[in-house]
Amino acid sequence: MILALLMGLVGSMVPEYFFAPSNLVQILLQSSITIVIAVGQLLAILTAGIDLSVGSVVAVTGLLTAVMLVGGVNMAAAIVLGGLLPGLAMGLLNGLLVARTNLPPFIVTLGGMSVYRGIALIISDGRPIFGLPPEFGKYIAGYLGPVPVPVIVSLAVALVFHVVLTRTRFGRNVYAIGGNTTAAWLSGVNVQRHLILVYSLAGLLAGCTGVILTARLYAAEPLAGMGFELQAIAATVIGGTSFFGGVGTVFGTVMGALIMGVITNALNLLNIQTYYQQVVTGVVIIAAVLLNQYMSGRGMKK
């Protein structure tokens with residue numbers, strides 16, 4: 001409903017530009033990266049946790065992929081060995097620390113954010129990496145018919161994790177852990193193992209985001225992904241996910257990412273300066289969350 005209202009409002013202000021097919025495709029393309037990384041964030045928040053390190057993981061995985069490609073490594077091998085597996089490994093480390101040390105996820109992933117960003121700066125010596133093979137951008141960030149490949153990837157990720165969360169025991173256990181960790185443990189759920197898997201998957205999806213972003217930019221740089229963790233958190237919360245865990249859906253997260261994409265696109269079309277864009281985006285996010293909570297409250301009273 002919020003997305004429809006926003007699109008109607010923006011469309012009434014700049015109809016000749018906003019509803020142009022090329023602009024709508026651009027919104028989907030911009031939202032696709034947020035969708036992929038936000039689905040991983042959704043998993044963490046559903047367990048009443050959070051992952052603040054995903055933006056730094058994007059930078060590390062993008063750089064490693066770029067280094068391998070520039071070094072002549074096969075594209076598929078570079079994506080797996082430079083992007084996906086390192087993302088999975090960093091997520092696994094986060095999960096092990098969260099599950100085995102009882103440290104709050106906020107502290108663990110905040111530390112991870114700093115460590116991984118430092119690794120990105122070490123890998124690149126603080127400089128961007130250019131000169132990637134043209135076919136990398138063509139296949140990973142190109143088009144399949146009229147649809148951008150990143151959009152297809154994001155929808156596939158959303159569909160897979162929707163099925164995982166709604167049709168598998170793992171999904172039910174994730175909701176149970178977020179709803180009441182003690183009760184889940186007493187019911188026989190291996191809480192530690194699930195937390196490790198949840199943060200590993202969040203890291204894997206951040207690695208996937210790093211590959212896509214690098215392909216779109218045709219370059220990798222150590223400051224890439226800064227602020228992505230906030231975008232991912234905002235998309236999940238706007239989509240109705242509870243910060244206290246146990247409540248949230250992939251569909252809502254996708255809607256949240258699209259809402260953010262429409263807001264950003266509208267501000268660009270209206271030529272709003274970047275400084276003001278941050279203010280407007282923050283206000284709209286707070287308003288959207290308040291409206292979501294109000295609607296949820298009305299639903300519970302019925």
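Accessible areas were computed by the Shrake-Rupley method with a 1.4 Å probe, and for residues only the protein chains shown count as cover. The structure is a predicted model, in which local features need pLDDT of at least 70 and side-chain atom pairs count only at pLDDT 80 or more, whereas totals for chains, interfaces and linings use all residues. Residues are numbered from 1 along each chain as its sequence is written, and side-chain values use heavy atoms, with hydrogens and water left out.

The accessible surface of the chain amounts to about 14400 Å², with 70% of this area belonging to carbon and sulfur atoms. Of the 302 residues in the chain, 49% are buried (under 20% relative accessible area, with exposed meaning over 50% and partly exposed in between; 1.4 Å probe, protein chains only). The secondary structure consists of 14 helices and two strands, assigned as DSSP runs (H or I, at least four residues, for helices; E, at least two, for strands) and numbered from the N terminus. The radius of gyration of the chain is 19 Å, close to the 19 Å given by the globule rule for 302 residues, so the chain is as compact as a globular protein of that length; the radius is taken over C-alpha atoms, and the rule is 2.2 Å times the number of residues to the power 0.38.

Within helix α11 (residues 191-217) lies Thr 214, which is buried with a relative accessible area of 4%. Apart from its neighbours within four places in sequence, Thr 214 is in contact (heavy atoms within 4.5 Å) with Gly 62, Ala 66, Leu 132, Phe 136, Ala 219 and Ala 220.
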